[in-house]
Amino acid sequence: MLGLLGGGQLGRMFIMAAQSMGYRVTVLDPAEGNPSSSVANRHLHADYLDADALGELASTCAGVTTEFENVPAESLRILAKHCVVSPAANSVAVAQDRILEKNFLAANGLGVVPYAVIQNSHELHKSLNLDEASPRKRPELFPGLFPGILKVSRFGYDGKGQVRVKNAIELDHALSGMNRTACVLEKLLSLEREVSVIVSRGFDGEVNTFPVSENQHRNGILDVSIVPARVSGTVVQKAREIAVRVAEKLDYRGVLCVEFFVLADGRLLVNEIAPRPHNSGHYTIDACVTSQFEQQVRILCGLSLGSTAMHGAAVMVNLLGDLWQRGEPEWEQLQRHPNVKLHLYGKLDARPGRKMGHYTVIAETTEAALQLALEIKQSLESQHRAAI
Ligand code: ADP
Ligand code: MG
């Protein structure tokens, strides 16, 4: 039996991979009716720190992993006393906190976007002299970081918890809108592209990477992934090398996603890391010898890493709840193509912006895959538009 913290779609796909390899999976997730619930062998509905639930997992599972970035690191620490845990609490603690994450990357000489940590914004507010009648001399705050993006340090995702700010006054306003919680201010860069690498590292230190994915976002949410990324061989090699370095410096055991910004001069900066399989790696299910989820199972179970070789080019498109506003989309227009694979996550409530599923197009070239992927996307969107 394997244990899984979190019951979202990443968990569902992990469970499916584990079951097809002959394992059974128990999920610990406080919520009911999540994507994992219809496939899990067993479901513990309790808080992630619930002592009885953790005890139950520890005594019945040989290994425990997570699909949820914000699982308390403490849960993993407790479980690690009794069974194999991948990834480790310390790695997850770094990845789930932007301040720790940025400081870790910068301290290890890995290029990051220029940033400043804002722990105590009351001080900042005071130094702005906003409450005084004549704002005589204001210190120049955060030189070189405006225009910037303010990001909450914890619990942000899919562009949530982020505000663009042009100057210190806007920054102060944004901080107050975030209840003055700890944040990171980043310089807003003009990005040539965004790419990501899924890196796998086993308990014996064996490491490999999946092909580099090029990611396009819409409204802060991943929209389309194109693989292999349309970047130079040098960028591909550098991205893979940096991803391995991140995993090694973290002493990471498991599947890790490293998101990069590619600048016009070819420089690669690490944007953020996710201590789990990632949406930008969903293409691996249909396009690689081993999927990112099978890799997660393999590492957890102490097996050697699977091959990350790719069958062809692939384009993955996310399906958001917006498409469901007038009911379930008409899938025939997608499924009549022999090289297109549909994955739905079994979510009953289709809210706008919610990830309901994805599809992957496999073709010989990225151009061909992209063309068909966009045709299908357009047809799904126009069907949706026609309905409203
Ligand atoms: P999330 O946790 O929501 O994925 P990210 O930090 O990855 O947060 O930001 C989401 C997206 O916003 C990025 O993929 C990128 O498109 C854009 N973005 C974030 N930071 C910057 C930046 N410093 N400069 C330019 N674009 C950015
Ligand atoms: Mg991101």
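Predicted model: local features only at pLDDT ≥ 70, side-chain atom pairs only at ≥ 80, totals over all residues.
1. After α10 comes Gly302, with a positive phi near 75°.

2. Which of its residues are buried? They are Arg98, Ile99, Glu101, Lys102, Phe104 and Leu105. As a reminder on helix geometry, an α-helix has 3.6 residues a turn, so residues three or four places apart point the same way. At the start of α5, Asp97 places a side-chain oxygen within 2.9 Å of the backbone nitrogen of Ile99. Following α5 is Gly109, whose phi is positive, near 70°.

3. Now to the metal. The magnesium ion, ligand 2, is coordinated by Glu259 and Glu272 through their OE atoms, at 2.0 to 2.6 Å. Glu259 belongs to strand β14 (residues 254-262) and Glu272 to strand β15 (residues 268-274), so the pair ties together parts that are 13 residues apart in sequence. Glu259 has a relative accessible area of 12%, and is therefore buried, given that the term applies under 20%.

4. Around ligand 1 there are 19 residues, and those that come nearest are Lys151, Gly159, Gln162, Glu194 and Asn271. For Lys151, a side-chain N or O atom is 2.6 Å from an oxygen atom of ligand 1. Glu186 brings a polar side-chain atom to 2.9 Å from a nitrogen atom of the ligand. His217 has a polar side-chain atom 3.4 Å from an oxygen atom of ligand 1. What is the volume of the second largest pocket? The value is about 290 Å³. Two or more lining residues come from each of β13 (221-227), β16 (313-320) and α12 (366-387). The largest share, five residues, is supplied by α12. In total, 17 residues line this pocket, and Arg218, Leu320, Asp322, Leu323 and Glu381 lie nearest its centre. By class, the lining has seven nonpolar, four polar and six charged residues.

5. Strand β16 also holds Val315. Is Val315 buried or exposed? Val315 is buried, at a relative accessible area of 0%. Its C-alpha atom is separated by 24 Å from that of Val244, and these residues are 71 apart along the chain.

6. Two buried side chains with polar partners deserve a mention. Asp172, in helix α7 (residues 168-177), counts as buried at 5% relative accessibility. The side chain of Asp172 makes a polar contact of 3.0 Å with the side chain of Arg180. Arg253 sits in the loop between α8 (233-249) and β14. With a relative accessible area of 18%, Arg253 is buried, because the cut-off for that word is under 20%. The side chain of Arg253 reaches the backbone oxygen of Gly202, at 3.1 Å.

7. Where are cis peptide bonds found? One joins Ser86 to Pro87, with omega near -5°, and Pro87 is in the loop between β5 (84-85) and α4 (89-95). Another cis peptide bond joins Phe146 and Pro147, with omega about -10°. Pro147 has its place in the loop between α6 (121-127) and β7 (148-152).

8. The loop between α6 and β7 also contains Phe142. Although it is not a glycine, Phe142 has a positive phi of about 50°. Phe155 is another residue other than glycine with a positive phi, here near 70°. The loop that carries Phe155 runs between β7 and β8 (162-165). At 52% relative accessibility, Phe155 counts as exposed, since that term applies over 50%.

Methods:
Residues numbered from 1 in each chain as written. Chains lettered and ligands numbered in written order. Heavy atoms only, no water. Helix = DSSP H or I, 4+ residues; strand = E, 2+ residues; numbered from the N terminus. 1 Å grid on protein atoms, 1.4 Å probe; cavity = no way out; pocket = protein on both sides within 12 Å on 5 of 7 lines; lining within 4 Å. Points joined across faces, edges and corners; volume = space filled by probe spheres on them. Nonpolar A, V, L, I, M, F, W, Y, C, P; charged D, E, K, R; others polar. Donors = N, O, S within 2.8 Å, 3.2 Å for Na, K, Ca; no water. Buried < 20%, exposed > 50% of the residue type's maximum accessible area, 1.4 Å probe, protein only. Near = heavy atom within 4 Å. Polar contact = N/O pair within 3.5 Å; in protein donor to acceptor, adjacent residues only side chain to side chain.
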